[in-house]
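The sequence and structure come first.

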Amino acid sequence: MLVRSIVLAAVLLVSVRALADEDVAAVRAQADQWRAEHRLIDMHQHIDFTPEHLARAVKIMDAAGIGFAINLGTGTVTPGPHGEPSEFERNRKLADTLAPGRILHYMLLDYHGWDDPDWSDKAVKQIEEGHRLGAAGLKEFKRLGLYLRDGKGKLLRIDDPRLDPVWEKCGELHMPISIHVADPKAFWEPYNEHNERWKELKNHRLWWFGDKTRYPGWKDLLEALDRVIARHPHTTFVAVHFANNAEELDWVDQSLAKYPNKMADLAARIPEIGRHDPEAVRALFMKYQDRILLGTDFMVYDRLILGSSGDEPPPTDQDAQVFYQKHWRWLETRDRDWPHMTPIQGNWKISSIGLPASVLRKIYFDNARRLLARSLPLPTLKAAHTQEDFALDADLNKPVWQSAQPVRIEYMMKDGTPRPELSAAVRCLWSSQYLYVSFDCPFTRLTVFDDVRAAGAPKRMGLWDRDVVEVFCGSDVGHPNHYGEFEVAPTNERLDVFCKLPDKDFGWDSKFASATKVDEASHRWRAELRIPLTSLSATPPKPGDRWRINLFRSDRAGSAFLAWNPTLTGSTHTPEKFGILEFEDGVK
């Protein structure tokens, strides 16, 4: 009996391990798909603004599967001494020209004139100007409480009331604040070879804060930030480097629980978080899955910096890929005791936490999209070129469709809330005559008109009040409010409208065609649309041309009206939120 019990236990253990391995494989496959589609968002990068450094950063992001990144510190909005554009304006213009849609920008605060009685008023005007110039948020370095001093030599406190109007204005303008205070505990320990971070500290003498006559205590800084967060409940604070305290999970738990307007990024702290019991870390991530953000502290200057650096040989682009891959390994697998991604930060090993895909997508991109909804870069849909036109039959397994890169419609149009269970894949092709668009839509329960009209019947007004897919597309970049609207229902009923907002021509006949197919067993319906290019432009597009487009679909039973790029209004007719349709040369 004992032998049999041992054998049964062994079989059960093998089965559990096999199931765990299968789960990890499924999660990694899903994450690989997100990376292939460049959906991940790195909330914490520092990129030097030169053409060479921007190009190198984008190349590495492409290989890692990063769609876009937040540059924390694009510059202040203070004009030059002779009225020249500010550092923020110059840097943003360069990045948006050379790498459109790949980098979002946080502004920095200019502390000159701190001792002046009107400094707070001037600082608020800086925030307003940054908002006008397109700053997605405000970045504050650990200079508060540690480096910046007033005219009398006193440190500027994190919770100084003169900063309150700044924090409040950021909340009013929906500009999140990424803020760094304190540092690892070891930076307050004796400065000698017995310090566990000695390899890092000896290369960065200014990172040591153990002199009590010059610097406040480590925990004093953390508590000062929490006092600020408590005073400004309508402002979102991203406490970088895992809430600035990767060494105390209980403290992070209590702080996040107490302050719902506090979030945390992972930048440069996985080596520390990974030292903890992986099950405890996993439980914390599950608890705060809506408040944790992917961030790496990846830097591109004359040399790459991967989380931290010293006097070691400069990392290569391949080293940068390993750096990112170790992030994925820690978040997606259950591997134990392996070397972390930044050896200079400490000589120890870490263990992975194996999060489920539903949590990973929040950390990888959904939480960032929600936080940055007002300033997300316009997305791009690439239309692959096809030499031959084809008949429509709603068969999306045709090789020509599989070769086109998909985008996803899965965010609520009005507020950007994710609905991944209803995620629709959309692909686009173009020929010399037509623009082709395909939709693959899971559905809850189809909602259609009872009296389905036959093909060739008059347009179905009100089609938008049932389940439908929609393409809004315009070729005139000088008049973005001029575009065609194309709607198709699961029943293949159609509607086309030409818009010259605020006017809409419902009598317009674009001569577009469509085909649909409903699969009740899998709860999916599919559609192909073929739109004559001449209905949208008198001049045929050529490779490299960029039109404007947005995509929508409704699932009435699921209470979902979804957009490729959410308009954040109550209307689909918001042209400033249309994304980019880029015509490629050749099927990829």
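Arg361 and Glu410 join through their side chains in a salt bridge of 2.8 Å, N to O (a side-chain nitrogen of Lys or Arg within 4 Å of a carboxyl oxygen of Asp or Glu). The two lie 49 residues apart, Arg361 in helix H13 (residues 357–371) and Glu410 in the loop between strand S14 (407–409) and strand S15 (411–412). Helices (H or I, at least four residues) and strands (E, at least two) are DSSP runs, numbered from the N terminus. Arg361 and Glu410 are buried, meaning under 20% relative accessible area, with exposed over 50% and partly exposed in between (1.4 Å probe, protein chains only).

## Basis of the model

The model is predicted: local features need pLDDT of at least 70, side-chain atom pairs count only at pLDDT 80 or more, and totals for chains, interfaces and linings use all residues. Residues are numbered from 1 along each chain as its sequence is written, and side-chain values use heavy atoms, leaving out hydrogens and water.

## Other salt bridges

The count of salt bridges comes to 45. One of them pairs Glu332 with Arg35 (2.8 Å, N to O). Glu332 lies in helix H12 (residues 317–332) and Arg35 in helix H1 (residues 2–36), so the pair ties together parts 297 residues apart in sequence. Both Glu332 and Arg35 are buried.

A network of salt bridges links Lys142, Asp183, Arg197, Glu200, Arg269 and Glu272.

## Helix H3

In H3, the buried residues are Phe88, Asn91 and Ala95. Exposed Lys93 and Thr97 sit on the face of H3 turned away from its buried side.
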